[in-house]
Amino acid sequence: MFHPKGPTFFEQVRQCLSSTRKGYDLLAPKFEFTPYRTPDEMLEAVADLLETDPFNTALDVCCGTGAGMRMLRPLAGGKVVGIDFSKEMLHEAQRLLADSQGEAELEFVHGDVLEMSFDETFDLATCFGALGHIYGKDTDLFLEKIHRALRPGGKFVFITTTSPPVFSRTFWLSHGFNLAMKIRNFIFRPPFIMYYLTFVLPEIRHTLETNGFRVEVESPESLGQYQLVIATKAGA
Ligand SMILES: C[S@@+](CC[C@H](N)C(=O)[O-])C[C@H]1O[C@@H](n2cnc3c(N)ncnc32)[C@H](O)[C@@H]1O
C-alpha cells in the first residue's frame, strides 16, 4: 500500500498536524506515490462511462496532482480545468500533465472549491478522492457551487460507496479514524479536514436531489465495492 518513494511516517504526522491546505503542500512532491491518489483503474471505469457521452468542457474539483484531468483530457472537446487550494499540488499537476494525451486546453485554478464562482461554464464536473475534505455542514454549499458551475444538462460524476454494515471492520476503522480526527481538530488549530463515510449512498442521492440534480447510480464490475454517481443538472 505504501511506496518506498512515498512520505515517511513522520512526514505524514507533520502533514496531519498542519491545515488541510498546508498538509497537501507538504505532501505534493510525494503524492503520486501514496494510496491517496485515485488509482488509474478507477479512473478508467469513469472514462468508459464518459466515452459514451461526449462533452466539451470539464471541471475537476480538488484536482490534486491531476490524475482525473489526465483521464478527462483525451475525452474533452475543448477545455479541462482543475481547481485545488494547494499551490504545490497544482504545480505537480502542471508538471505531470505537460506531455499528457489529448488536445483539450488545460487550465489550473488556485482556489477553494467552497468559494468557486464558475457560472454555467462546464458540461461535466468530477471529483475524485476528495469528498472527505468537505465538512458535512458544507455539503449543500459544495453542491450549490458545482450545480452553478454546470450548464443545464451538465453532469457531476463521482465515485462513492454505501455505508458499511455496523459489524464490519470498515465501519469501525472509519468511525475510529473520524473520532481521532475530531479529537485532533478539537486540540489543534487550524483543522485538517478529512473524514471517511461522507457522500455515501443512499443518503447522498437525496441530498443531490434536493440540490437540483437528477441522480443515476451505476455499479461497473471494475469498481468492485464502489459505485459511480451521475448527477445531472435539470434543464437541458
Ligand atoms: C486526496 S487529494 C485527491 C487528488 C486527486 N483528485 C486524486 O484523485 O488523486 C485531495 C485534494 O483536494 C484538495 N482540497 C481539499 N479541500 C479543498 C478545498 N476546500 N478547495 C480546494 N481544494 C481542496 C487538496 O489540496 C488535495 O489536492
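Student: What makes strand 1 and strand 4 (residues 122–127) a pair?

Tutor: Four bridges join strand 1 to strand 4, and the two run parallel. Two strands pair if DSSP finds at least two bridges between them, so these four bridges meet the criterion. Within this pairing, L59 stands opposite A125. The strands and helices themselves are DSSP runs, numbered from the N terminus (helices: H or I, at least four residues; strands: E, at least two). The model is a predicted one, in which local features need pLDDT of at least 70 and side-chain atom pairs count only at pLDDT 80 or more, while totals for chains, interfaces and linings use all residues. Residue numbers start from 1 along each chain as its sequence is written.

Student: In which sense do strand 1 and strand 2 (residues 76–84) pair, and over how many bridges?

Tutor: Strand 1 and strand 2 pair in the parallel sense over six bridges. One of the bridge partners is I83 in strand 2, which faces V61. The chain passes from strand 1 through helix 4 to strand 2, a β-α-β crossover that is right-handed. That word applies if, with the strands pointing away from the viewer, the path from the first strand over the helix to the second runs clockwise.

Student: Why is strand 1 (residues 55–61) called largely enclosed by the rest of the structure?

Tutor: Five of the seven residues of strand 1 are buried, so the strand is largely enclosed. A residue is buried if 20 or more other C-beta atoms lie within 10 Å of its own, exposed if 12 or fewer, and partly exposed in between, with C-beta atoms placed from the backbone.

Student: How do you know whether T65 is buried or exposed?

Tutor: T65 has 29 C-beta neighbours inside 10 Å, so T65 counts as buried. This residue lies in the loop between strand 1 and helix 4. Leaving aside neighbours within four places in sequence, T65 is in contact (C-beta atoms, placed from the backbone, within 7 Å) with residues including F31, R37 and M89.

Student: Which residues are closest to the ligand, and what makes a residue count as near?

Tutor: The closest are T38, C62, G64, S86 and G129, among 21 residues that surround the ligand. A residue is near a molecule or strand if its C-beta atom, placed from the backbone, lies within 6 Å of it. The elements that give two or more residues to this shell are helix 2 (20–27) and helix 4 (67–72). At least three residues come from each of domain 1 (1–36) and domain 2 (37–162 + 200–233), the bounds being an automatic or database domain assignment.

Student: How far apart are the C-alpha centres of domain 1 and domain 2?

Tutor: The C-alpha centres lie 22 Å apart. The contact between the domains takes 10 residues from domain 1 and 12 residues from domain 2.

Student: Which peptide bond involving P190 is cis?

Tutor: The bond that joins R189 and P190 is cis, with omega about -5 degrees. P190 is found in the loop between helix 7 (169–187) and helix 8 (203–210).

Key
Two residues are in contact if their C-beta atoms, placed from the backbone, lie within 7 Å.
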